[in-house]
Amino acid sequence: MSPRRRDRHGRGLRGPLAPSHVPIAKSRGERFDDFVLDAVERLKPRWGAQLAAVEFAVEEVPPLSELGDGPGRADPIPFGRAEPARGSRPASVVVYRRPLEARSRDRETLGALVHDTVVEQVAALLGRSPDEVDPGYDG
């Protein structure tokens, strides 16, 4: 039996909905990665030397070890984390995609939330206030 070459309605194989070079062709994950990269690029003119050795990453959700609920936690679901350098492992900033997407109404709000999260994590890593890291911080 040969593989099917057409769908059952006879329209043939479907191609991509949009060319790969237009923004709509990107997945939600790719667009989110772009928001993180944009936020880092906005910080580089002022903090480029300090951020040169920092790795930036995106994870879907925080690990279970970071989730918690109780009197000491104002928000049980974190948006990101900053880890200082240890031994041969470089410093890193991780941003969690799903919690931020769940809190945003649209792309503009998501971009602002991602930027604020990156600024907060970089501030924690550098031991500074978010306002000092980015004077336009809206947190």
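Helix α1 bends by about 95° at Pro45, the bend being the angle between axes fitted to the seven residues ending there and the seven starting there. The model is predicted, so local features need pLDDT of at least 70 and side-chain atom pairs count only at pLDDT 80 or more, while totals for chains, interfaces and linings use all residues. Residues are numbered from 1 along each chain as its sequence is written, and side-chain values use heavy atoms, with hydrogens and water left out.

**Overall layout**

- The protein chain has four helices and three strands, taken as DSSP runs (helices H or I, at least four residues; strands E, at least two) and numbered from the N terminus.
- Along the sequence these elements follow the pattern α-β-β-β-α-α-α.
- Of the 139 residues, 30% count as buried, where buried means under 20% relative accessible area, exposed over 50% and partly exposed in between (1.4 Å probe, protein chains only).
- Among contacts in the chain with a separation of 6 or more, 54% come from residues 24 or more positions apart; a contact means heavy atoms within 4.5 Å.

**Helix α1**

- α1 has 24 residues, but its end C-alpha atoms are only 26 Å apart, short of the 34 Å that a straight helix would reach at 1.5 Å a residue.
- The expected span of a helix is 1.5 Å times one less than its number of residues.
- The buried residues of α1 are Phe32, Val36, Ala39, Val40, Leu43, Trp47 and Leu51.
- Their cover includes β1, β3, α2, α3 and α4.

**Helix α3**

- The 20 residues of α3 (residues 107–126) should span 28 Å at 1.5 Å a residue, and the end C-alpha atoms are 28 Å apart, which agrees.
- Buried residues in α3 include Leu110, Val114, Val118 and Val122.
- An α-helix has 3.6 residues a turn, so residues three or four places apart point the same way.
- Elements covering the buried residues of α3 include α1 (28–51), β1 (55–59), β2 (80–83), β3 (92–96), α2 (97–103) and α4 (130–133).
- At the start of α3, a side-chain oxygen of Asp106 reaches to within 3.3 Å of the backbone nitrogen of Glu108.
- Just after α3, Gly127 takes a positive phi of about 70°.

**Salt bridges**

- The whole structure holds nine salt bridges, each a side-chain nitrogen of Lys or Arg within 4 Å of a carboxyl oxygen of Asp or Glu.
- One of them joins the side chains of Arg97 and Glu60 (2.7 Å, N to O).
- Arg97 lies in helix α2 and Glu60 in the loop between β1 and β2, so this pair ties together parts that are 37 residues apart in sequence.
- Arg97 is buried at 8% relative accessible area, whereas Glu60 is partly exposed at 37%.
- Glu83 forms a salt bridge with Arg81, with the closest N and O atoms 2.7 Å apart, and another with Arg89 (3.9 Å, N to O).
- Salt bridges that share partners join Arg28, Glu60, Arg97, Arg98 and Glu101 into one network.

- Glu101 is in helix α2 and counts as buried at 16% relative accessibility.
- Not counting residues up to four places away in sequence, Glu101 touches Arg28, Phe32 and Leu110.
- Ala91 is in the loop between β2 and β3 and is buried, with a relative accessible area of 12%.
- Ala91 and Leu51 are 40 residues apart in sequence and 9.0 Å apart in space, C-alpha to C-alpha.

Notes: A polar contact is a pair of N or O atoms within 3.5 Å; within protein, one must be able to donate a hydrogen and the other to accept it, and residues adjacent in sequence count only if both atoms are side-chain atoms.
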